[in-house]
Amino acid sequence: QIQLVESGGGSVQAGGSLRLSCAASGNTFGHVYMAWFRQAPGKEREGVAGINDDGRTGYADSVKGRFTVSQDNANNTLWLQMNSLKPEDTAMYYCGASIDYVYVVAGGPKRHEYHYWGQGTQVTVSS
């Protein structure tokens, strides 16, 4: 089992920035593959950004160039730096994790590849 705790959400105006973090604990003895997802009201949960064990990253087209994902493997912590935020970025942001091999490519992470989830942190962007 892996437990995930997200933090860093909040309310900002369009153009602002936020930095989310996700801490993993539990069965983290091997590599933990982690990624960010988000879910807006009435919409499906969608992949935002993920990072591979070789350091390469994959982003959803809607956030490419504005969001940056990074991971501290030693501490099993994942971050998401979000710049130039837009109202359409408003959503609950979730951290997902897997102990099975995952490779994120262009287009961002895929929900079905991650088996552990945090409670989420709300991001609200006002115009």
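Which residue forms a salt bridge with D89, the closest N and O atoms being 2.7 Å apart? The partner is R66. A salt bridge here is a side-chain nitrogen of Lys or Arg within 4 Å of a carboxyl oxygen of Asp or Glu.

The structure is a predicted model, in which local features need pLDDT of at least 70 and side-chain atom pairs count only at pLDDT 80 or more, while totals for chains, interfaces and linings use all residues. Residues are numbered from 1 along each chain as its sequence is written, and side-chain values use heavy atoms, with hydrogens and water left out.

**Salt bridges**

Side chains of opposite charge can pair when their charged atoms come close. The whole structure contains four salt bridges, and three of them, with the distance between N and O atoms, are listed here.

| Salt bridge | N to O distance |
|---|---|
| R38 and D89 | 2.9 Å |
| D61 and K64 | 3.7 Å |
| R66 and D89 | 2.7 Å |

R66 lies in the loop between strand 6 (57-59) and strand 7 (67-72), and D89 in the loop between strand 8 and strand 9, so this pair ties together parts that are 23 residues apart in sequence. Strands are DSSP runs (E, at least two residues), numbered from the N terminus. Salt bridges that share partners join R38, E46, R66 and D89 into one network.

In the pair of D61 and K64, D61 is exposed at 63% relative accessibility, whereas K64 is partly exposed at 48%.

**Aromatic residues**

A pair of aromatic rings is described by the distance of the centres and the angle of the planes. Rings of Phe, Tyr and Trp (its six-membered ring) pair if their centres lie within 6.5 Å; planes under 30 degrees apart count as stacked, over 60 as edge-to-face and the rest as tilted. The structure holds four such pairs. In one of them, the ring centres of F37 and W117 are 4.9 Å apart and the planes stand at 70°, so the arrangement is edge-to-face. F37 belongs to strand 4 (residues 33-39) and W117 to strand 10 (residues 116-117), so the contact ties together parts that are 80 residues apart in sequence. F37 is buried at 0% relative accessibility, while W117 is partly exposed at 26%.

The rings of Y101 and Y103 have centres 6.5 Å apart and planes at 25°, so this pair is stacked. Together with Y33, these two residues form one aromatic cluster. Y101 is placed in the loop between strand 9 (91-98) and strand 10. Its relative accessible area of 58% makes Y101 exposed, and Y103 is partly exposed at 31%.

**A charge over two rings**

A charge sits over a ring if NZ of Lys or CZ of Arg is within 6 Å of the ring centre and within 35 degrees of the ring normal. R45 lies over the face of Y94, at 3.7 Å from the ring centre. R45 also lies over the face of W117, at 4.8 Å from the ring centre, and W117 is the ring partner of F37 described above.

How values were computed: Helix = DSSP H or I, 4+ residues; strand = E, 2+ residues; numbered from the N terminus. Buried < 20%, exposed > 50% of the residue type's maximum accessible area, 1.4 Å probe, protein only.
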